[in-house]
Amino acid sequence: MPFGNSHNKLKMNYTAEQEYPDLSQHNNHMAKVLTSEMYANLRDKETPSGFTLDDVIQTGVDNPGHPFIMTVGCVAGDEETYEVFKDLLDPVIEDRHGGYKPTDKHKTDLNPENLQGGDDLDPNYVLSSRVRTGRSIRGFCLPPHCSRGERRAIENLSVEALSSLEGELKGKYYALKNMTEEEQQQLIDDHFLFDKPVSPLLLASGMARDWPDARGIWHNDDKTFLVWVNEEDHLRVISMQKGGNMREVFTRFCTGLTTIEGLFKEKSHEFMWNEHLGFVLTCPSNLGTGLRAGVHVKLPNLSKNEKFGEVLKKLRLQKRGTGGVDTAAVGGVFDISNADRLGFSEVELVQMVVDGVGLLVEMEKRLEGGQSIDDLMPEQK
Amino acid sequence: MASSFARILSSKRNVGILSLVGAGSLTVGFLLNREQHVSAGAQVRRVYPPSAEYPDLRKHNNCMASHLTPAVYAKLCDKATPNGYTLDQAIQTGVDNPGHPFIKTVGMVAGDEETYEVFADLFDPVIMERHNGYDPRKMKHPTDLDASKIRSGLFDEKYVLSSRVRTGRSIRGLSLPPACTRAERREVERVVINALGGLQGDLAGKYYSLTQMTEEEQQQLIDDHFLFDKPVSPLLTCAGMARDWPDARGIWHNNEKTFLVWVNEEDHTRVISMEKGGNMKRVFERFCRGLQEVERLIQEKGWEFMWNERLGYVLTCPSNLGTGLRAGVHITLPRLSKDPRFPKILDNLRLQKRGTGGVDTAAVGSTFDISNLDRLGQSEVQLVQTVIDGVNYLIECEKRLEKGQDIKIPAAISQFK
């Protein structure tokens, strides 16, 4: 927001060619798609709240990318970004989300009854289970673009809704700027505390402005349901617990989300959602379900097997280290989660994780016993 | 240039309203073939009162936070410069960087020349605080680049290892680094290197664009200590100065490596004259000559530097207004630096010390960077003379201490002459 919007009219005094960014060293989705013609066609547009093309792409211009990892390189400043700049974002979405077309429809399914099994992943291997997603409140600008007033309003609405939660969801909000030292230490020990973003991918988009104003963490008393307010998205919602009962984690996830959504609706607010993109979030990579369901699982033998990568690909799963994205595995323990976000429903994605991890554990046991896993090789999902 | 742009009612608050009346190129029709949840006549951007937008500055210790009261915020928050630069943009760096309990940062920047006028209610008191009482509402800033007026200026090289003078210049009509568009930044680069290309004699040199330099050129510039990196300080990155890096950034220096210009780093240009040894007079003479020659060359093409008699040369950070000048030496003062009167002597001479790595570094051994404290309210000649007189005094003190003689704290010199 502070970096380009005010000059959109000024830029029209220069030609598109004079303003077009130098993307010759770049390797991200935005750079692949944004030709100078496209730039010329889109540069005089703004969303109703004033978010411009240069605002969308600034993070991708400032961060050329990594030769092996393809970052997205663009963000949304509000819900309308995905409409006004669809000439850019539709192809980015298609590339990032496995061929998802502008005419495709996304199904939302938050009914945990539709999940088969998932309550009996072997806890000797599956150490913990977790499901996360994000939600945006319709009518407010997203973190790259929101003003302080908006961000505070989002915080107030969210805290009000969360404070109405009851039963196993009942909990407490910790505002980042008001936290005591003890509270802070406890949240660190629980691995709940999030810090001001340091990644240049996030900073360049303007999401960290005014930190830590209107940012905070809410969690239930049981410490199994957690909400981040105004970090990368309006809300990030996390359900987690030790062990392999993904079904319980997912049930709590769905119940919590649906309850929160109901509480917002009582106050005439709703989540950003449409039948093409599903839930609308800041980063195009999180559209659809915004869902990452994962486990920390011990696979010391399987991970050394030459077929590990292929198996994961067929199961539509991805591996990470237990520190999260871009970390390495420690001691044969991996974070295994769904690779997809958009084009599959929540139930479908969690089902893939549940079934897939079940198979991975079976393979691990076979290899432990010195047996082959050839007959267990799955079909491509 | 800036004055030819119509004053645009483009503050963020009003964009939603503008969109309703059809200004800009919005196409409301796009909503019709997807789920329609925003009707065309609705208020599309929430508007909050200034009290809801006022930043939380309770933990802040910077000049902006000291002067941005809720009343000042309310008065200024809906204004914008003709280019559309707003108060929130100017103060963002100060909101994001609460400061240090012992070092008081400025906490705000200018996006263009008009920022200092449109937001004068905030900038004027900040300028007065930062520049030790210079009142931009009442006082005039003198500019004097006539190096022939300098007296003395040849230091004893037993003590002074090197001499340097730096300043900055902005090209009138183009936005400053926090706010400039890519095209404007490229235009700054084009205008400046065009002018530098016209320099001759001992000033003739070459430009090294950051996007195009070779590995060898890069290594040479590092070895010469000329190369600047993408800013990492959050004070700068939060102000938006590092956008699009390294597009349109570069380094120019003369063949003799005594005159150096940075393009599009913290300011449009930073100009540095330096050499080993103690000939500050020659360093300043080259400085003035180079600056005046560059000014003449850009004027030939119809451009000029941002300058006015209230604020002198206009630069991005309010701390660099006036002369933007820092004239300094690297000097060894093994005895004087251990004397408890050293800080007071520097104070009274209106000098400041830094480590030889620059601002916020520690001194190594007993070698210091000593330079002028002031920037605004005195001319270049006056400030350089202050440094010369002051450094000579410090050397005298050091010599007296060497001989076992006593030294005196000098009378405090007056600030505004």
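B:C238 is a buried residue, with a relative accessibility of 14%. The model in which it sits is a predicted one. Where is the closest cysteine sulfur to that of B:C238? It belongs to B:C317 and lies 14 Å away, which is too far for a bond. A disulfide would require the two sulfur atoms to be within 2.5 Å. Over all chains, the count of disulfides is 0. Another cysteine of chain B, B:C288, is buried as well, at a relative accessible area of 2%.

In chain A, the peptide bond that runs from A:W211 to A:P212 is cis, and its omega is near 0 degrees. A:P212 belongs to the loop that connects α10 (200-203) with β3 (216-220) of chain A. In chain B, a cis peptide bond links B:W245 to B:P246, again with omega near 0 degrees. The loop holding B:P246 runs between α10 (234-237) and β3 (250-254) of chain B.

The loop between α10 and β3 of chain B also contains B:A248. This residue is not a glycine, yet its phi is positive, near 65 degrees. Is B:A248 buried or exposed? B:A248 is buried, with 5% relative accessible area. A positive phi, of about 60 degrees, is also found at B:N264, which is not a glycine either. B:N264 is located in the loop between β4 (259-263) and β5 (269-276) of chain B. Its relative accessibility is 2%, so B:N264 counts as buried.

In soluble globular proteins, nonpolar side chains tend to be buried together. The largest nonpolar core here has 61 residues, and the members touching the most others are A:M246, A:I336 and A:L360. Which helix gives the most to this core? It is α13 of chain A (residues 346-368), which supplies 11 residues.

The contacts of A:I336 can be followed one by one. Leaving aside residues up to four places away in sequence, A:I336 touches, among others, A:V295, A:V297, A:L299, A:F308 and A:L312. Its contacts also include A:V357 and A:L360, and A:Q318 and A:K319 are among them too.

Helix α5 of chain A (residues 53-62) is another element to look at. Why is it described as largely enclosed by the rest of the structure? The reason is that 10 of its 10 residues are buried. Among the buried residues of α5(A) are A:L53, A:V56, A:I57 and A:V61, and also A:D54, A:D55, A:Q58 and A:D62.

Two buried residues in loops of chain A complete the tour. A:S345 sits in the loop between β10 (333-338) and α13, and it is buried at 1% relative accessible area. Apart from residues up to four places away in sequence, A:S345 touches A:K107, A:T108, A:D109 and A:T289. A:D233 occupies the loop between β4 (225-229) and β5 (235-242) of chain A, and with a relative accessibility of 1% it counts as buried. The side chain of A:D233 makes a polar contact of 3.1 Å with that of A:R236. With residues up to four places away in sequence not counted, A:D233 touches A:S136, A:P143, A:L281, A:T282 and A:N286.

How values were computed
Residues are numbered from 1 along each chain as its sequence is written. Chains are lettered from A and ligands numbered from 1 in the order in which they are written. This is a predicted model: local features need pLDDT of at least 70, side-chain atom pairs count only at pLDDT 80 or more; totals for chains, interfaces and linings use all residues. Side-chain values use heavy atoms; hydrogens and water are left out. Helices (H or I, at least four residues) and strands (E, at least two) are DSSP runs, numbered from the N terminus. Buried means under 20% relative accessible area, exposed over 50%, partly exposed in between (1.4 Å probe, protein chains only). A nonpolar core is a set of buried Ala, Val, Leu, Ile, Met, Phe, Trp, Tyr and Cys residues joined through side-chain atoms within 4.5 Å. Contact means heavy atoms within 4.5 Å. A polar contact is a pair of N or O atoms within 3.5 Å; within protein, one must be able to donate a hydrogen and the other to accept it, and residues adjacent in sequence count only if both atoms are side-chain atoms.
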